[in-house]
Amino acid sequence: MAKETTSGSSFKHRERSFGSLTQQVVQELGIAIVTGKFSGDKPFPTESEICEQFAASRSIVREAIKVLNAKGLLSARPRRGTHVRPEKEWNLLDPDVLYWMLKRRFSLDLLKDFTRARLAIEPAAAAEAARTATEPQRQKMQTMLERMELAAQGSLDPLETDVDFHLAILEASNNQFFYNMSPMIETALNFSIRFTNKQLHRRVGDIGEHAAILNAILARDPQKAAAESRDLLERALATMVPT
């Protein structure tokens with residue numbers, strides 16, 4: 001069962017902070033890879049070159065390469081060197097990789113792919129929340145909607161409150177797989193919601209649409225909860241399709 005929390009999101013990926021030197025190397029090399037700096041006639045730098053660039057020890061650089069390899073960005077093999085993997089092999093379920101990709105030149109296709117992935121996850125999570133949400137989880141979802149209402153009045157951050165509402169539903173599904181997707185979904189939601197609101201000329205998500213999902217969950221109506229969630233996402237997807 002998912003761990004219950006009482007307020008806000010458990011995953012604060014909105015503005016990434018990389019404290020250690022290893023994390024800094026991962027961050028800068030990751031962005032460089034995703035933005036195409038190491039491609040074609042410019043191969044990935046050697047271990048010595050990275051050490052010099054970051055004034056870092058070999059152990060730090062090797063750890064950073066290991067992290068990027070685990071994220072699907074690099075292929076590092078003895079006597080064969082380190083190479084950037086094809087984009088199709090990058091792990092988009094990794095919040096860092098997704099964040100770097102969404103931060104590079106805007107890709108509407110990537111945003112559409114993400115929204116379609118949400119369509120496969122969030123309606124099912126809403127249905128499970130209607131079936132299994134505990135009383136504290138039900139109260140938390142209500143609190144998140146109230147925070148959205150305050151954001152509409154200018155009291156709170158509209159993006160953060162919208163994201164927190166969706167994450168509260170994932171948590172209330174009590175499905176470990178859905179809940180474990182929360183960091184990835186939160187990362188992409190920050191871009192998706194911002195884009196949708198801009199397209200619809202609004203600063204905060206439609207309170208009525210979100211309330212319809214919550215009301216169905218609180219009524220213990222899985223089919224309606226899934227349908228309302230699906231409708232919200234399909235309307236968001238429609239803003240991404242040129243007319």
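Predicted model: local features only at pLDDT ≥ 70, side-chain atom pairs only at ≥ 80, totals over all residues.
Visitor: What makes Tyr99 count as buried?

Guide: Buried means under 20% relative accessible area. Tyr99 has 9% relative accessibility, so Tyr99 counts as buried.

Visitor: How do you know that Phe191 is buried too?

Guide: The same cut-off of under 20% applies. Phe191 has a relative accessible area of 15%, so Phe191 is buried.

Visitor: Why is the pair of Tyr99 and Phe191 called edge-to-face?

Guide: Ring centres must lie within 6.5 Å, and planes over 60 degrees apart count as edge-to-face. Here the centres are 6.2 Å apart and the planes stand at 70 degrees, so the pair is edge-to-face. This pair links distant parts of the chain, with Tyr99 in helix H4 and Phe191 in helix H9, 92 residues apart.

Visitor: What makes Arg194 a residue that lies over the face of Phe191?

Guide: One part of the test is a distance within 6 Å of the ring centre. Arg194 lies over the face of Phe191, at 5.8 Å from the ring centre.

Visitor: Why is the pair of Phe38 and Phe44 called edge-to-face?

Guide: Their ring centres are 5.1 Å apart and their planes are at 75 degrees, so this pair is edge-to-face as well. Both Phe38 and Phe44 are buried.

Visitor: How do you know where the largest nonpolar core lies?

Guide: This core has 44 residues, and Phe44 is among those with the most contacts inside it. Helix H9 gives the largest share, 7 residues. Domain 1 (21-95) and domain 2 (106-239) both contribute residues, so the core lies between them.

Terms used. Residues numbered from 1 in each chain as written. Heavy atoms only, no water. Core = buried A, V, L, I, M, F, W, Y, C linked by side-chain atoms within 4.5 Å. Buried < 20%, exposed > 50% of the residue type's maximum accessible area, 1.4 Å probe, protein only. Helix = DSSP H or I, 4+ residues; strand = E, 2+ residues; numbered from the N terminus. Domains from an automatic or database assignment. Phe/Tyr/Trp six-rings, centres within 6.5 Å; stacked < 30°, edge-to-face > 60°. Lys NZ or Arg CZ within 6 Å of the ring centre and 35° of its normal.
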